[in-house]
Each structure stands twice: as C-alpha cells, then as structure tokens.
Amino acid sequence: MPELVVTALLAPSRLTLKLLRAFMWSLVFAAALLTAAVYCCIAFTHVLCRPRRGCCGRPRRIPPACLRDPELGEHCFLTLKSSGLRLHYVSAGRGNGPFMLFLHGFPENWFSWRYQLREFQSHFHVVAVDLRGYGSSDSPKDVDCYTIDLLMADIQDVILGLGYSKCILVAHDWGAVLAWNFSIYYPSLVERMVVVSAAPMSVYQDYSLRHVGQFFRSNYVFLFQLPWLPEKLLSMSDFQPSGLTGPINYYRNLFRNFPLEPQELATPTLLLWGEKDPYFQQGLVGAIRSRFVPGRLEAHILPGVGHWLPQSHPEEMHQYMWAFLQDLLH
C-alpha cells in the first residue's frame with residue numbers, strides 16, 4: 001500500500017490521540033494548580049503555627065550515624081554501562097546464595113531496607129541501591145534523565161554490572177513501579193519478584209479512571225508536575241532542597257506515555273499490600289490479579305498496616321518472603 005494512503009488512513013487516529021493527550025495534560029495541570037493552592041495553604045498554616053521553625057527546613061551537614069552501620073553491609077559504587085552515572089549501593093552476603101536486589105520508593109533511600117538486609121544476608125547476596133537521583137547516587141537535574149526507559153536501563157546495568165544474569169527483585173512504592181515494568185521488558189533478568197504497595201502503571205491508569213477516589217489519594221502526584229514549588233514545599237518539612245529535584249522528576253515523567261496499553265504479567269510475584277494504605281486503594285490488588293497469568297501471583301493484604309510496610313512491619317514481610325522463596329534455597 002502506498003505510503004501516502006497509509007498516512008491518510010492513520011491521520012484520524014493520530015489526531016484523536018493528540019487531542020486526547022492535550023485534553024489529559026490540561027486536566028493534569030488544572031489539578032496541579034488546584035492541589036498546589038491547597039498545599040500552599042497548609043504550608044502557610046504550619047509556618048504560622050510554628051514560627052520558630054521557619055520556612056527553609058534545617059541544614060544537615062553530617063549524615064546520621066545509622067547510615068554507617070557496618071552490620072547492614074559494605075558501601076560501594078557502580079558506574080553504569082548505559083549512562084556513565086555512578087550509583088551507590090550497600091552489599092552484604094556475597095556468596096551466600098541467589099542475588100536479591102532491593103529498590104526503594106519515594107522519598108527514601110537504601111536505608112529503608114535495613115531490616116531486610118539484616119534478615120536475608122545469611123542466605124542471599126543482598127544489595128540495596130540508591131536509585132538515580134537519590135542519596136549518594138548521581139543526580140542529574142534534567143527531567144528527561146528520569147524516564148522509565150532510562151530507569152529500567154539502570155536496573156539492568158546493576159544486575160549485569162555486579163556479575164549476575166538474574167535476580168530476585170524486591171521493591172516498594174516507586175521502586176515497585178520500576179520493578180513491574182522491568183519484569184515485563186526484561187523477564188529473563190527477573191527470577192522472582194516481591195512487590196510492596198504499588199501497582200503497574202497501566203493497572204493504576206485504568207483503575208484510577210474508573211475509581212475517582214484513587215485520584216484524591218494520589219493528589220500529590222499532580223502537585224509534583226509543577227516546577228520548583230514541590231521542592232520548596234517539601235524542603236519546609238525538613239527535606240534538603242538539593243536532594244529533591246531528582247526524586248520529584250520521576251513524577252514529572254509519569255504522564256509522558258499516557259495512555260498505556262494493558263500488559264500481561266507473568267513473573268512469579270509475591271504482592272504485599274497494607275489494608276490502611278492512605279495512598280492506594282485495596283481494589284488495586286484485584287485489578288493487578290486480573291492481569292496475571294494464573295498461578296503466578298501470591299497476594300496478601302495485611303490488616304491494620306499502612307504504606308511503609310518494609311519498615312513498619314518487617315517481621316510479617318519476612319515471614320511471607322521466606323515462604324515464597326524457600327524452594328530457591330535447596
């Protein structure tokens with residue numbers, strides 16, 4: 001078929017997609033401005049109620065001593081093959097068993113896995129990274145440096161750069177969003193997954209469009225689409241301004257590929273979800289299950305538990321993980 005004819009036939013679909021994206025972005029920025037107004041009012045109230053604290057956060061020039069705890073592992077750096085960036089990671093238990101890679105969420109770092117590093121280093125080589133833009137890892141400022149494709153390439157480079165051909169991927173929050181995508185596009189590199197408190201992007205998209213309440217729970221996502229203001233507001237809550245732009249840039253790329261196509265999930269996965277999670281509705285668990293190949297997903301909703309499960313309820317998480325991974329230890 002002549003190229004001109006093909007172009008003419010596809011023109012209506014392309015125009016519809018452009019209009020849909022333009023409409024989506026107009027809604028996103030309208031929601032961003034509304035959310036910003038609310039959060040600015042909240043911040044102003046806090047300043048009035050706590051005038052001694054000020055509005056610029058507190059400078060911290062010395063890292064807390066807990067970040068240097070030798071029992072958690074050895075601090076190392078890896079130069080990534082794809083980008084040349086240096087990622088910081090903490091490693092323990094090399095030679096003790098399969099490779100277990102931990103991916104943290106927002107606004108955290110490798111230390112959020114301290115309980116799991118202690119628990120599993122006796123039977124696994126455990127590695128917790130500071131993702132691009134976080135902690136001691138390199139933090140480019142450009143928004144385009146934080147696309148999903150580049151972040152997945154980072155994970156691939158970590159696995160291969162540490163000398164492995166596959167891993168057990170353990171992830172929470174934003175790290176889990178990356179893990180879901182990584183398991184789809186790099187399935188040969190993921191033997192098992194343990195996912196905590198996050199849904200695949202396509203599942204979250206479809207679920208949110210059908211459940212408006214989820215939009216309200218994730219209102220901060222819209223605030224983070226704006227320049228500089230989110231950094232300023234969070235720095236008032238004792239975050240460091242220089243350490244915020246990279247992590248928030250993850251969110252600024254969130255709507256780049258909208259709309260997303262449904263994707264089948266096949267990697268054997270343990271999904272842990274907090275019943276009291278203030279950011280994600282329980283209904284997302286059922287939506288995730290509907291996308292899985294039968295028999296590949298083990299899901300548990302933990303009563304009375306919130307969003308930060310790896311730190312708030314590590315014992316329960318460890319019990320589920322040991323049972324899920326026991327066949328890999330023989």
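1. Let's start with a term: a residue is buried when its relative accessible area is under 20%, exposed when over 50%, and partly exposed in between, using a 1.4 Å probe and protein chains only. By that rule Ser197 counts as buried because its relative accessible area is 0%.

2. A quick word on the model: it is predicted, so local features need pLDDT of at least 70 and side-chain atom pairs pLDDT 80 or more, while totals for chains, interfaces and linings use all residues. Residues are numbered from 1 along each chain as its sequence is written, and side-chain values use heavy atoms, with hydrogens and water left out.

3. Where is Ser197? Look in the loop between β6 (190-196) and α5 (201-210); helices (H or I, at least four residues) and strands (E, at least two) are DSSP runs, numbered from the N terminus. The Ser197 side chain reaches the backbone oxygen of His307 at 3.1 Å. Beyond its neighbours within four places in sequence, Ser197 has contacts (heavy atoms within 4.5 Å) that include His172, Asp173 and Trp273.

4. Now try Arg291, in the loop between α10 (283-289) and β8 (297-302). Is Arg291 buried or exposed? Buried, because its relative accessible area is 16%.

Note on methods:
Polar contact = N/O pair within 3.5 Å; in protein donor to acceptor, adjacent residues only side chain to side chain.
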